[in-house]
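I opened the model and went through a few items on my list. My notes follow below.

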Amino acid sequence: MANEGMEQHEDDGGLGRLLRERLPRHPAPPVLRAAVLEALMPGRPRQPWWALWMPPAFSAVATALIMLLYLAPSLPTAPGADPVQFVTRAVLAEHARNVFWGETRADVVLAILPRAMEESGVALSWVFTGDEEIRLINAKPTYVEGRRGIELAYQDVAGHTVTYIIVPGGSVTLPERGRVQIDRWRPVVKRENGFSLIMWRQQGLLCVMASDLVSDEDLARFKQYFVKVRSSTEPYAVY
Amino acid sequence: MADDEFRQQALQHLDALHNLAVYLTRNGSEAEDLVQETYVRAMRFSHRFQPGTHLRAWLFQILRNTFLTFYRLRERESALSEDGVPEGDAPMFHDAPGRDSESAGVHMDLERALSKLPEEFKTPLLLAEVEGLALEDVARIMDCPVGTVKSRIFRAKERLRAHLKDYK
């Protein structure tokens, strides 16, 4: 037990060493230290409460900045000012309106075409008016992203609506990505928000066809419609 | 010595002063009061301190005198044992080094045995053996000749040894 250890320190030096090594020391508790400090230095400026938060706050901000710099390249970026994307969305909005509220004026469409061309600033030397699979049901002037143009609406035998919009192309450049060889043309084919789009430039005009034909089988059919329209329609800008 | 320098140096001995105060008072809050009073007095009489002399010893001297003035009276009022030595409270274990049973037993026995020593034996023993002060400094603190200090330390060890044997 403890006293067995004591016997080894019978001599004076041993007892002194025992006291130095084994006697517990009682350091001043922090409360006492603070009280003595206050008593010794009453005029000592105290740290304001916010000063206590400064180091961790700066540390947190610095960490956040470093993380932001590190992660910024991998963060999703906004689409930016991509004119193709803007046109795409505008065309899809027009197509949606056609699907839900578009009028079928197949019997008079040829009669209203000249007026639509006149008001749109886009003339059609040739126009595909339809066959046994798909037919032209409407034509009207339209605005897409501030561009005045013409909008043709087709409907196939299954009831699918195809919207064909022609507007001045301006400086809009179609990307190489998404281009697909269809017959002798290489338009951009893309799917967006549950719709299919085929985009191409022709005679300085931007031409976009939109439909809800999105499955592989329907998309093949949509491409056939594109070939029919593309080969039989000749638009040009009036001014 | 400039006041600021004096304060800084005085603060360095806080732990040692508190340690002695604990063994003298055997009461945590009284020990803290004693230390605070010691520093207040030290500041009040700092002009009496002679630069170049042992500040640590000077502070110990103030602490002991303060203890004798205020706390010993209270101790005398408490119950005395048959041999005239006050019965100590339970030893305090704040920062006892080592936690094995044998080590803890030694600590307990040492503290208990030390608590049975009269102050005039206990203080020189602690100052010389634990705090490592020179006998001349201890003599100045105790306000007695060096020979008396030696004698008290010797007798303190004798009593301590006897108390420790009681626990066999």
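**Cysteines**

I looked for disulfides first, and the count over all chains is zero. I kept in mind that this is a predicted model. The cut-off I applied was a pair of cysteine sulfur atoms within 2.5 Å.

A:Cys207 has a relative accessible area of 0%, so I put it down as buried. B:Cys144 comes out at 16% relative accessibility, and therefore counts as buried. The limit I used for buried is under 20%.

**A:Thr233**

Next I asked where A:Thr233 lies. I found A:Thr233 in the loop of chain A between α7 (216–232) and β8 (234–237).

Is A:Thr233 buried or exposed? Its relative accessible area is 1%, so I noted A:Thr233 as buried.

I looked up polar partners of the A:Thr233 side chain. A polar atom of that side chain lies 2.9 Å from the backbone oxygen of A:Val229. The backbone nitrogen of A:Phe128 lies 3.2 Å from a polar atom of the A:Thr233 side chain.

I also listed contacts of A:Thr233, leaving aside neighbours within four places in sequence. The list holds A:Leu124, A:Trp126, A:Val127, A:Phe128, A:Tyr164 and A:Gln202.

**Surface patch**

Last, I turned to the surface of chain A. I noted a nonpolar patch formed by A:Val61, A:Leu65, A:Met67, A:Leu68, A:Tyr70, A:Leu71 and A:Leu75. Together these residues have about 710 Å² of accessible area. I traced one of them, A:Leu65, to helix α4 of chain A, residues 49–71.

Key. Residues are numbered from 1 along each chain as its sequence is written. Chains are lettered from A and ligands numbered from 1 in the order in which they are written. This is a predicted model: local features need pLDDT of at least 70, side-chain atom pairs count only at pLDDT 80 or more; totals for chains, interfaces and linings use all residues. Side-chain values use heavy atoms; hydrogens and water are left out. Buried means under 20% relative accessible area, exposed over 50%, partly exposed in between (1.4 Å probe, protein chains only). Helices (H or I, at least four residues) and strands (E, at least two) are DSSP runs, numbered from the N terminus. A polar contact is a pair of N or O atoms within 3.5 Å; within protein, one must be able to donate a hydrogen and the other to accept it, and residues adjacent in sequence count only if both atoms are side-chain atoms. Contact means heavy atoms within 4.5 Å. Patches are made of residues with over 30% relative accessible area and no salt bridge: like charges are joined within 9 Å, nonpolar side chains (Val, Leu, Ile, Met, Phe, Trp, Tyr) within 5 Å. Accessible areas come from the Shrake-Rupley method with a 1.4 Å probe; for residues, only the protein chains shown count as cover. A salt bridge is a side-chain nitrogen of Lys or Arg within 4 Å of a carboxyl oxygen of Asp or Glu.
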